[in-house]
There are 4 protein chains.
Amino acid sequence: MDRAVPASDEGLAKGRIEALCDGVFAIAMTLMIFNVKVPQIPTELAPAKLANEVYDLWPQFLVYAISFVMLGIYWVGHHNQYHYIRCTDRWLLWINVAFLFFVTLIPFSTALLGRYPAQQIAVVVYASNLIIVGILLLIHWRYATSQPGLVDSDLNPVLVRQASRRILLAPILLTFAVVFSFVSTIISLVLCAVIPVLYVLPRRIDRHWRLTHSMNRQKGEAS
Amino acid sequence: MDRAVPASDEGLAKGRIEALCDGVFAIAMTLMIFNVKVPQIPTELAPAKLANEVYDLWPQFLVYAISFVMLGIYWVGHHNQYHYIRCTDRWLLWINVAFLFFVTLIPFSTALLGRYPAQQIAVVVYASNLIIVGILLLIHWRYATSQPGLVDSDLNPVLVRQASRRILLAPILLTFAVVFSFVSTIISLVLCAVIPVLYVLPRRIDRHWRLTHSMNRQKGEAS
Amino acid sequence: MDRAVPASDEGLAKGRIEALCDGVFAIAMTLMIFNVKVPQIPTELAPAKLANEVYDLWPQFLVYAISFVMLGIYWVGHHNQYHYIRCTDRWLLWINVAFLFFVTLIPFSTALLGRYPAQQIAVVVYASNLIIVGILLLIHWRYATSQPGLVDSDLNPVLVRQASRRILLAPILLTFAVVFSFVSTIISLVLCAVIPVLYVLPRRIDRHWRLTHSMNRQKGEAS
Amino acid sequence: MDRAVPASDEGLAKGRIEALCDGVFAIAMTLMIFNVKVPQIPTELAPAKLANEVYDLWPQFLVYAISFVMLGIYWVGHHNQYHYIRCTDRWLLWINVAFLFFVTLIPFSTALLGRYPAQQIAVVVYASNLIIVGILLLIHWRYATSQPGLVDSDLNPVLVRQASRRILLAPILLTFAVVFSFVSTIISLVLCAVIPVLYVLPRRIDRHWRLTHSMNRQKGEAS
C-alpha cells in the first residue's frame, strides 16, 4: 500500500500520536470516576444511612456520564480526522498537545461540577473546558485539511465543511449553556445533557462518509 | 489478506476501539487496588497493631480479586468477539462506549463492597454493575452478528448461540446474587466468588472455537 | 511470514495479551509514585520546614525505585518469553491474569513498605508479593514451553532451563529477605535493593539469546 | 522491508519499548491534574467563596501546563530518536527504564512546585527532575548512535550532533533556573515557563530532518 509509506516517514508517525491520544483518553475516561468517593460512614450506622448516601451521589454520576460520552465523542472525532490525515508536521503535533492538555482538564471540571452542580462558576468552568476542546479539535481539522500533503489531495471539500460544522455543534450549544448559566444553572445542565444525545444519533455526514469510504475502497481495488 | 481491508476502511477501524478498550480495562484493573489504603498508624504503635490492620484488609482484597477476574473475563469475551467482527458501525461504537462506561464504574462498586461487605445496598450495586456490563457485552455480540457485513458471512450460527449463552451465565448468576441478598449477603458474596471459577474452567465452547479456528486456518491456507 | 498466522488465529492473539500487559505495567509503574504525598505544611512554616519534610521522604523514594526496577525486570522477562511464544491457550491466559493481578498489588506493598520500612510485616508482605509475581512468571514460562504448539518446536532446551534459572533468582533471594526479616529488617531491605542490580548486569543467558537470535535470523533469511 | 527484520529479532523489539513509553507518558500527563484538588467548601458558603477558591488554583494549573508541555517535548524527543533506532540492546533498555523512572517522578515535582511555588526547595526539586530526564534522553541518544548496529549505519553525523544540542537546551536553561533560585524563585519560574515556548517554535534541525526524511524516502523508493 503506497499510502502508508509517507505516514511513517515524514514528521512524527501518526500511529504514535494516535497511541498517546488513545492512552490519554482511556485514562481520563477511566479515572474521572475515582473522584466519586465511597461514602465513609461508621459501620454501625451503615444499615440506616448507606443507601441514602449512595443515592445522593447521583448528580456526580450524571455529570460523570455526560463527560464520559463527550470524551467518547471527541475521541471518535479525533479518530475520524486521522482516517484522512496521512502524516503530521510540527504544528499539527502541538495542536494535538494543546488538545490533549484540555482533555486532561476535563476530569477536574467534571469533579468541580459534580461537587457543586448548582454553582454558576462550576457550570462556566465545565462548559468552557468542553468548548476549548471542541475548538481545538476544529483547528486541528482546519489546519490538517488546509496544508498540502497532510491529507489526501482528493479529499472531498464538502466532507471537510460538513465535518467542521458537525464539530462546531458542541461548542455552539455549550456557549448557550454558559450564557444561560447567568439565568439558571438548571437550563445549562439540561443543555449539557442534550449534546451527547445529538451526537449519538446518526446524521447526514455519516451517509456522506460511508459513500466516500465505498468510493475510496473501489478506487483502492481498481488501482 | 483480503479480510483486513474493509476493517480499516469502513466506519471506525476496529483496531482503535480495541486499543481504547485495552486501555480502559488495564487502567480499571490496575487502579482498583488504589482504593485499598495503607493503614495509617503512629509509628510507635506500628509494631503492635500494623499486622492486624493489614490482616483486616482481607475482605477488600477478596472483593478486589473477584472484580479483577471478572474484568479479565469480560475483557477476554470482548476480545473473542472482535476475533469475528470485521468492521464496526456507529451503533456498535456507541454500544462499546456504554459497555466501557459501566466497566469504569466497577472500581467504584468494588470499593463500596470492599468497605461495606455486609450491607445489602453494596451487594446490589456491585452485582447490578456486573450484570449491566454482561448484558451490554451480550447486546454487542447480538448486534454485531445480526448486521450483515460486520462479521464474516459464514460465521457458524451454533457458535453465535453458544457464545451468547456463555456470556449470559454471569448476569444470570449475579441476578440470583441480587435476589439472595434480601435473605443473606453471605450467600450473594459466595455466588459472586464462584462465577470467576466457572469461567476459568474450559468448556464446550472452547472445543467449538478451536474447531472453527482450525477450519478457518485450513480455508485460509487453501485460498 | 508463515509464523504470524497461527498467532492471530488460535486462542487469544498474543498481541492483545501483550497490550493489556504493557498497559498494566505502565500504569502500575507510573501510579506508585502517587502514593508519595507532597508534604502539607502551612505556607508560613514552609521556608523553615519544607526542605526537611521533602528530605524525609527518601525511604519512600528508595522503595519506589526498587519496585520500579523490579517491575521493569518482570516486564522484560514477560516480554522475552513472548518472543518465543507463538500463540496462547486458555490456561496460559489465566496464568497471565494471575500474574497481572499480583503485579497490580505491588503499588500497595510498595506504599506499605515505604510508610513502615522498619516493620517486619511490611517487609514480609512486600517480599512475598514480589516472590509470587516471580513464581507466576516461572510457571508461565514452564507451561508455555511444555505445551506442544505454544512455542517454536525447535526452541533450544538449554535456553529454556537457563531462562528458568534466571527467573528463579529473584524469588530465591527474596525468600532470604523474608527469612532475615525475623533477624533484622535492614538486612532484608539491603537484599531487596541488591536484586535489581544483579538483573541489570548482563549475564551468560544474554550471550545465549543473542546466539539463538542470530541463528533464527539466518534460518529466516535462508527460508 | 528489510529494515524491520532485525528490530523484531534482536534484543527487545523496539515496538514494545515504545508502547511502554507511550503508556507511561500518557499516564503521567493525564494523572498530574489529579493532584489539583477540587476546593471543599460547605455548600451554603459556595456562592460567596467558590469562584475565588477556583481562581486561587491558577499557580497549580500553570505549573501543570508547563510540566505537560515539557513531557510532550521529551516524548517527541524520545520518539524522534526511535525513528532512527533500528533495534535495542540491554544497556539501551536500562537507560530507558531510568529515563521512565524520572519521568514518573515529574507528577510529584509538579505537585510540590504547584503547592509551594515560592519555596526554593520546590523549584530546585522540580528543575533538577527535568534536568535529569533531559540528560538521560541525551545519554540515550549518544549511546544509541555510538553503538554499531543500533541505528542505520549511514545516519548523518551532523544530524546526531544537532539533535544532541537541541536536547541539551532544556537541561542548560534549567540549570540556570536552579542557580537563579538562590536569588529569586520568580526568575526561575519565568525561565521554566520560557523553555516550552523555545521548543515549540520550529528550528533549524527540523529543516535538516525533513531533508534527511526526503532523502531516506527517495533511497527507499529507489531500492
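The term pLDDT denotes the predictor's confidence in each residue, on a scale from 0 to 100. In this predicted model, chain A averages a pLDDT of 82, and 84% of its residues score at least 70. The model as a whole scores ipTM 0.81 and pTM 0.84. Local features need pLDDT of at least 70 and side-chain atom pairs count only at pLDDT 80 or more, while totals for chains, interfaces and linings use all residues. Residues are numbered from 1 along each chain as its sequence is written, and chains are lettered from A and ligands numbered from 1 in the order in which they are written.

**Confidence along chain A**

- Among the helices, which are DSSP runs of H or I with at least four residues, numbered from the N terminus, confidence in chain A is lowest in α1 (residues 4–9), at a mean of 33, and highest in α6 (residues 120–146), at 94.
- Over residues 1–10 of chain A the pLDDT is below 50, and this stretch has 13 contacts in the model beyond near neighbours in sequence; two residues are in contact if their C-beta atoms, placed from the backbone, lie within 7 Å.
- Residues 219–223 of chain A also have a pLDDT below 50, and beyond near neighbours in sequence this stretch has zero contacts in the model.

**Helix packing in chain A**

- The axes of α2(A) and α4(A) come within 10 Å and cross at roughly 175°, where axes are lines fitted to C-alpha atoms, for helices over the stretch in contact, and angles run from 0 to 180 degrees between N-to-C directions.
- α2(A) and α4(A) are therefore roughly antiparallel to each other, given that angles under 35 degrees count as roughly parallel, over 145 as roughly antiparallel, 65 to 115 as roughly perpendicular and the rest as oblique.
- On the α2(A) side of this contact stand K14(A), E18(A), C21(A), F25(A), A28(A) and M29(A), which meet F68(A), L71(A), W75(A), H78(A) and Y82(A) of α4(A).
- The residues of the contact of α2(A) with α4(A) divide into eight nonpolar, one polar and two charged, with Ala, Val, Leu, Ile, Met, Phe, Trp, Tyr, Cys and Pro counted as nonpolar, Asp, Glu, Lys and Arg as charged, and the others, Gly among them, as polar.
- Helix α4 (residues 58–84) of chain A also has its axis within 10 Å of that of helix α8 (residues 185–200) of chain A, and these two axes cross at roughly 40°, so α4(A) and α8(A) are oblique to each other.
- This contact is made by I66(A), V69(A), M70(A) and I73(A) of α4(A) together with C192(A), A193(A), P196(A) and Y199(A) of α8(A), and its residues divide into eight nonpolar, no polar and no charged.

**Contacts between chains**

- Between chains A and B, 31 residues of chain A are in contact with 27 residues of chain B.
- On the side of chain A that touches chain B, α2(A) gives the most, with nine residues, and the residues of that side divide into 21 nonpolar, six polar and four charged.
- The contact between chains C and B takes 27 residues from chain C and 31 residues from chain B.
- The largest share of the side of chain C that touches chain B, 12 residues, comes from α5(C), and by class this side has 19 nonpolar, three polar and five charged residues.

**Relation of chains B and C**

- Chain C is superposed on chain B by a rotation of 90° with 0.0 Å of shift along its axis (RMSD 0.0 Å), using least squares on the C-alpha atoms of residues with pLDDT of at least 70 in both copies.
- That is the relation of a four-fold axis, and the copies use different surfaces, since 11% of the contact residues of chain C recur in chain B.
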